[in-house]
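Trainee: Could you take me through how to read the features of a model such as this one, beginning with a general idea each time and then turning to the case itself?

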Amino acid sequence: VDRCFCYSLPAVLVCLGDRPVARRSAEPRMTRRRTRAATMLEFVFVFPILMVITTLTLDVGRLYMAVNSVQYATSYAVRQGAVYGQAGQKVDNATGLCSGMTPSSAVDNDYRVRDAFCIKLADLPGGAVVLPYVSTFSVVGGDGTGKQQCSKANPFIKLQIKTRVPSIAPGIDALLGSEGSITGGWPVSMTAIAKCEVVVAG
């Protein structure tokens, strides 16, 4: 009877007898375990960074879309006032400025620029996200009183908008601070001026 004794030492085989018995070393198994552990550790560090980059990319895309919509709605609103010949009543408080406004809402000529802005913005991509966050809405035109009718002495309508685009990236809203009752979000400011096409005497 042949006797063979194997000792599991890395890269060492010690046998007694005529027929040595080969035995695998434990080193490859340990190497695989170390590789898996390193992979998991890399994933833990890399995954959050990738998520932040992805959400910031989406955030910038939403911001770009919202800025374009606010710009178009602001220009459209002053244009409507210029064609009609009056800016409409001044808006003292921007809170709930466009509450209840939809793309199918009718324009109140006493607030022509405001309504034109709200209706158009509600109809544009990303506009519905911006509407609740309008903090400043300043419309000045014509004589500056009442319905602010355009006159030869004051043939311009000016509209200033300040709003914020809420962020979807974690922690960005807190970093961006707040303005009034609006907390966080990317700040957006827009100004548009149009010359009146219809003026009253004076």
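Trainee: How far apart are D59 and R62 in helix α1?

Mentor: Being 3 residues apart in that helix, D59 and R62 are separated by about one helical turn; helices here are DSSP runs of H or I of at least four residues, and strands are runs of E of at least two, both numbered from the N terminus. Please keep in mind that this is a predicted model, in which local features need pLDDT of at least 70 and side-chain atom pairs count only at pLDDT 80 or more, whereas totals for chains, interfaces and linings use all residues. Residues are numbered from 1 along each chain as its sequence is written, and side-chain values use heavy atoms, leaving out hydrogens and water.

Trainee: In what do the side chains of D59 and R62 meet?

Mentor: In general, side chains of opposite charge can pair when their charged atoms come close. Here D59 and R62 form a salt bridge at 3.3 Å, N to O, the rule being a side-chain nitrogen of Lys or Arg within 4 Å of a carboxyl oxygen of Asp or Glu. D59 is buried at 0% relative accessible area, while R62 is partly exposed at 24%; buried means under 20%, exposed over 50%, and partly exposed in between, with a 1.4 Å probe and protein chains only.

Trainee: How many salt bridges does this rule give?

Mentor: The count comes to 4 salt bridges. One of them joins E197 to R79, with the closest N and O atoms 2.3 Å apart, and this pair links distant parts of the chain, since E197 is in the segment after β5 and R79 is in helix α1, 118 residues apart. Both ends are partly exposed, E197 at 49% relative accessibility and R79 at 42%. Another of the salt bridges is formed by D115 and R114, whose closest N and O atoms are 2.8 Å apart; D115 is buried at 2%, and R114 also counts as buried at 18%.

Trainee: Which residue does a disulfide join to C98?

Mentor: A disulfide is a covalent bond between the sulfur atoms of two cysteines; the criterion used is a pair of cysteine sulfur atoms within 2.5 Å, and it gives 2 disulfides. C98 is joined to C118, with an S to S distance of 2.0 Å, and the torsion about the S-S bond is about -65°, so this disulfide is left-handed. Because C98 lies in the loop between α1 (27–84) and α2 (112–123) and C118 in helix α2, the pair ties together parts that are 20 residues apart in sequence. C98 counts as buried at 9%, as does C118 at 0%.

Trainee: Where do C150 and C196 lie?

Mentor: C150 and C196 are joined by a disulfide with an S to S distance of 1.9 Å, and since C150 lies in the loop between β1 (136–141) and β2 (156–165) and C196 in the segment after β5 (186–195), the pair ties together parts that are 46 residues apart in sequence. A torsion of about -55° makes this disulfide left-handed. C150 is buried at 0%, and C196 is buried at 9%. With bonded cysteines counted along the chain, the pattern is 1-2, 3-4.

Trainee: Which residues of β1 are on the covered face, and which on the uncovered one?

Mentor: In a regular strand the side chains alternate between the two faces of the sheet. In β1, F137, V139 and G141 make up the covered face, with T136, S138 and V140 on the uncovered one. β1 runs antiparallel to β2, the two being joined by 6 bridges (strands pair if DSSP finds at least two bridges between them), and S138 stands opposite Q160 in β2.

Trainee: What does F156 touch, not counting residues up to four places away in sequence?

Mentor: F156, in strand β2, touches V140, G141, G142, I193, A194, K195 and C196, where contact means heavy atoms within 4.5 Å. F156 counts as partly exposed at 44%. S69 in helix α1 is buried at 5%, and, leaving aside neighbours within four places in sequence, S69 is in contact with L121, L124 and P125.

Trainee: How many helices and strands are there?

Mentor: The protein has 4 helices and 5 strands, following the pattern α-α-α-β-β-α-β-β-β along the sequence. Of its 202 residues, 31% count as buried.
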